[in-house]
Amino acid sequence: MSSLPRRAKLKTAASKDECSFLSELSSSSEEDDKEDSSWEPQKKVPRSRKQPVPKESKPKRMPRAKKHTPKISDGLEGMVVKEELNSSVAIADVNLEERKNEPNTVQTEKTAKTKRKNSAQSPLVRRTKKLKVEETSKDTNVEDENNSTEMPSTSTMWESTCKKENNEVDFTFGQSPLKKIKTEMCPQGQPVKLPANASSIKEEVEMNWDIVQVLSERTNIELWVCANIIRLFNDDNTIPFIIRYRKELINNLDADSLREVQQTLEELRAVAKKVHSTIQKIRKDGKMSECLFKALLNCKTFEELEHVSAPYKTGSKGTKAQRAKQLGLEGAARTLLENPGALNLLSSIKPNVKGLSTLQDIETGVQHILADMIAKDKDTLDFIRKLCQNRHICIQSCLAKVSSKKVNEKDVDKFLLYQNFSCSIRNIHHHQILAINRGENLKILTVKVNIPDGVKNEFCRWCIQNRWRPRGFARPELMKILHNSLDDSFKRLIYPLLCREFRAKLTSDAEKESVMMFGRNLRQLLLTSPVPGRTLMGVDPGYKHGCKLAIISPTSQILHTDVVYLHSGQGFREAEKIKRLLLNFNCSTVVIGNGTACRETEAYFADLIMKNYFAPLDVVYCIVSEAGASIYSVSPEANKEMPGLDPNLRSAVSIARRVQDPLAELVKIEPKHIGVGMYQHDVSQILLKATLDGIVEECVSFVGVDINICSEVLLRHIAGLNANRAKNIIEWREKNGPFINREQLKKVKGLGPKSFQQCAGFIRINQDYIRTFCSYSSQHAESSTGVEVTNEKQGKKKSKTPVNVVLKPNPLDQTCIHPESYDIAMRFLSFIGGTLREIGKPEMQQKINSLLEKEGIEKIAEGLQTTVHTLQVIIDGLSQPESFDFRTDFDKPDFKRSIVCLEDLQVGTVLTGKVQNATLFGIFVDIGVGRAGLIPIRNVTEAKLSKTKKRRSLGLGPGERVEVRVLHIDIPRSRITLDLIRVL
């Protein structure tokens with residue numbers, strides 16, 4: 001459960017072709033220079049032939065794209081994988097550009113441009129242009145390789161690419177030509193080459209590893225999928241958009257796996273960028289050497305880069321090897337390896353020079369230089385790393401000897417398990433790593449990595465016999481220097497490097513898993529099934545300041561707020577007030593926050609319910625987490641939403657709304673304050689925020705929002721939108737009235753073609769809501785023409801879409817179908833004999849099912865010239881009811897009428913409960929006794945999880961109902977150990 005789903009690499013001949021091709025891409029710099037020089041003549045020939053033809057595109061792009069085209073396509077002919085050949089949208093567009101660049105297809109190109117002028121350009125065509133810009137950028141860098149010393153970073157190249165993309169103004173989706181292209185071309189075209197070029201540092205500073213290859217190795221995902229993912233992210237596509245509308249390009253990866261690939265990609269790019277800046281700095285200081293340059297280009301992690309570049313930092317005293325080199329002993333060290341018979345160390349003695357005065361000093365200096373050479377050699381480090389993979393490397397922690405600083409005894413007791421702890425780095429759990437790190441940071445624990453002596457002995461033997469063996473007979477005193485150099489290199493340089501690498505890798509993996517666990521819990525919480533159509537009473541419990549009450553309507557409007565004092569001897573009198581409020585507002589559901597005085601408040605309501613005090617109402621209650629409610633109640637958002645209301649009463653309102661619509665309420669709170677994580681303060685806060693924000697965006701997008709009634713806070717979390725764009729949408733809605741269809745989004749200030757592409761499929765327009773405006777819109781369509789043109793001027797759009805079409809409602813706008821697929825959806829409707837009025841009705845479902853049984857989805861997709869994934873989205877959109885909400889498949893709040901105490905429990909008792917939080921070491925379950933019980937992770941087996949949960953790859957998360965058995969009760973420590981029986 002703790003591991004993310006992975007895609008196994010393809011075990012076909014295609015994989016070998018991929019690997020062989022990528023190894024060619026990451027060849028030596030000399031070979032690259034030869035290739036570059038061989039490309040020079042080819043570049044000028046097509047330029048003279050093609051320059052007069054394309055008038056509307058930039059003349060420099062076309063020939064350079066053509067120059068790359070034959071090389072890339074030739075290298076990738078063997079990359080045919082088991083996926084469908086017609087499944088790639090973006091790559092097929094690149095192949096279209098290839099056909100355009102051939103001389104015998106000039107007329108076809110003109111025809112295609114004419115079509116795009118009339119119907120505007122598809123965003124996928126824009127992505128093709130963006131690809132060509134990046135290729136052009138690389139070609140330019142190749143030309144200037146010998147003339148420039150400035151090395152543009154990867155991020156700089158992307159920024160320029162994005163700027164060029166923003167200049168594209170046409171964003172109407174041309175459907176038919178695009179879908180034809182999908183089926184005609186092989187999907188595995190240029191993406192593998194593109195990311196490799198786009199991510200490497202240009203000119204003479206080119207990394208010695210290929211980013212697609214490394215990304216595939218680290219994430220265990222196929223090469224062609226990694227290449228497509230890089231290209232999609234380069235194109236500023238969001239994860240929700242890719243997951244729903246570009247499934248064929250990512251081989252059906254889930255959101256968590258895609259997010260992990262994105263994070264790994266960002267790490268690799270950050271390393272390449274840091275290497276670039278380090279090389280620039282060392283060159284500026286005049287300390288660059290060929291060996292150092294090669295070592296820097298081999299760095300794949302920050303730890304490796306730190307190890308190689310540490311001696312050359314500004315202000316460093318210099319290493320022992322550097323001081324020996326300054327004394328002129330580097331030649332002697334190289335002679336010892338290359339021609340030991342000619343080495344005479346006595347000739348280097350200079351009595352008046354410190355460090356050269358005695359033979360012992362000279363031997364020590366040579367030893368330091370050799371140790372430094374060994375520790376920075378790539379083959380040597382690769383051997384020792386591979387050697388450690390097959391040996392028992394363990395991490396140990398013990399109680400630190402605290403002398404000057406006093407440590408709280410309670411904190412020491414928390415780390416009792418780790419005061420004499422030892423575990424193999426292959427078997428240690430993620431939460432143990434995080435606990436050890438926290439103890440070390442608090443100066444309570446001392447941590448070290450133990451590498452067996454056998455590793456050192458075998459390493460030294462390999463070095464003497466293979467890598468560092470002198471090329472001739474070496475006298476015994478020289479061999480002694482070499483042996484001492486190996487011992488010194490391992491003990492002083494290599495061992496600390498390995499320890500840092502092991503610790504960094506373990507910590508990085510633990511942090512990522514902790515963040516992913518937080519994300520999975522948050523997703524489960526946000527997707528809790530809403531309870532619509534009920535009037536709710538929210539209760540924020542308290543002692544001295546009373547319990548705050550808030551009654552909200554089925555539409556989340558505040559009907560009444562009050563304060564009652566239930567725990568100060570006035571419980572009976574306050575009961576009359578509560579009963580009167582519930583009867584007046586016909587409210588039969590009470591929502592209690594789980595904060596201070598929750599247990600007493602729950603007992604109070606349970607007692608009244610058991611006495612049937614609220615008759616004739618059948619009152620039930622539920623407990624809901626109030627994490628973050630107090631922070632939200634004093635936020636500017638709450639003040640804007642509920643002006644003039646006391647912050648304590650705002651908390652009660654928030655608690656009630658969390659049951660009515662959890663997603664809409666919880667997005668108002670910063671995710672890390674919701675409280676479903678583990679060690680959240682010990683992990684990278686940047687990584688945590690990025691992941692949690694991505695989870696919120698994913699949940700809001702997949703649920704969808706009705707743009708005419710949703711709040712600005714909810715809207716800003718839609719894929720492709722941000723706070724500024726959401727604000728502009730709300731202002732447009734207030735000024736011009738409700739949105740009639742999705743096309744009107746294009747008229748909102750700041751909402752460009754890319755933003756529209758990303759957000760359009762997740763925005764819904766309720767047809768019942770706008771039906772009253774349809775007649776008005778059609779009557780005033782002609783008179784509003786001038787206004788529409790003015791609005792288009794703000795967005796700098798060239799689209800000539802008629803206004804009467806813009807103001808016409810489209811029933812497809814209430815579905816999950818993307819506007820780029822409307823043409824296919826209409827052809828599919830005519831194919832089955834359906835109409836737009838039948839969307840979401842049983843008749844539509846019957847027609848679709850009969851056709852699928854008769855033809856099969858693959859054959860239908862082929863006939864419509866689209867992919868199976870796109871057709872499946874269309875089928876889902878047409879068959880789902882108008883008010884469909886996939887959150888109904890998730891668990892609802894657990895409503896209760898009675899209460900159980902901790903003392904009432906017995907070992908062996910079988911109970912039902914609700915998952916409160918999931919961690920890497922176990923699952924906390926609320927069983928209704930005031931304290932959550934813990935199911936140890938060893939008791940959560942795959943056989944006990946339902947098939948549905950295994951298919952979703954969510955494991956157990958907050959909100960799920962489970963059946964458990966009590967294993968152990970520790971009343972003094974208020975601890976309950978449970979065993980999972982099954983998931984309900």
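The structure is a predicted model, in which local features need pLDDT of at least 70 and side-chain atom pairs count only at pLDDT 80 or more, whereas totals for chains, interfaces and linings use all residues. Residues are numbered from 1 along each chain as its sequence is written, and side-chain values use heavy atoms, with hydrogens and water left out.

The protein chain holds 42 helices and 15 strands; helices (H or I, at least four residues) and strands (E, at least two) are DSSP runs, numbered from the N terminus. Of its 984 residues, 54% count as buried, where buried means under 20% relative accessible area, exposed over 50%, and partly exposed in between (1.4 Å probe, protein chains only). The chain exposes about 45500 Å², of which carbon and sulfur atoms supply 51%; accessible areas come from the Shrake-Rupley method with a 1.4 Å probe, and for residues only the protein chains shown count as cover. Among contacts (heavy atoms within 4.5 Å) between residues at least 6 apart in sequence, 75% join residues at least 24 apart.

Strands of a sheet pair through backbone hydrogen bonds, either parallel or antiparallel. In this model, five strands form an open sheet in the order 6-5-4-7-8, with mixed pairing; two strands pair if DSSP finds at least two bridges between them. Strand 6 (558–564) and strand 8 (620–624) each have a single partner strand, so one side of each of these edge strands is left without a neighbour in the sheet. From one strand to the next, the twist averages 20 degrees. Strand 5 (residues 547–552) pairs with strand 6 in the antiparallel sense over six bridges, and Ala550 has Thr561 of strand 6 as its bridge partner. Helix 29 (residues 647–660) packs on this sheet, touching strand 4 (536–540), strand 5, strand 6, strand 7 (589–593) and strand 8. The direction of helix 29 makes about 50 degrees with that of strand 5; axes are lines fitted to C-alpha atoms, for helices over the stretch in contact, and angles run from 0 to 180 degrees between N-to-C directions.

A search of the whole structure finds ten aromatic pairs. Rings of Phe, Tyr and Trp (its six-membered ring) pair if their centres lie within 6.5 Å; planes under 30 degrees apart count as stacked, over 60 as edge-to-face and the rest as tilted. Tyr245 and Phe762 form a tilted pair, at 5.8 Å centre to centre and with 50 degrees between the planes. This pair links distant parts of the chain, 517 residues apart: Tyr245 lies in helix 12 (residues 239–245), and Phe762 in the loop between helix 34 (753–759) and strand 10 (763–764). Tyr245 is buried, with a relative accessible area of 7%, and Phe762 is buried at 0%. Ring pairs join Phe241, Tyr245, Phe702 and Phe762 into a cluster.

Charged groups also lie over rings, a charge being counted if NZ of Lys or CZ of Arg is within 6 Å of the ring centre and within 35 degrees of the ring normal. The charged end of Arg467 sits over the ring of Trp468, 5.2 Å from its centre, and Lys579 lies over the face of Tyr613, at 5.1 Å from the ring centre.

Gly877, in helix 41 (residues 868–879), is buried at 2% relative accessibility. Not counting residues up to four places away in sequence, Gly877 touches Thr815, Cys816, Ile817 and Ile839. The C-alpha atoms of Gly877 and Ile817 are separated by 5.7 Å, although these residues are 60 apart along the chain.
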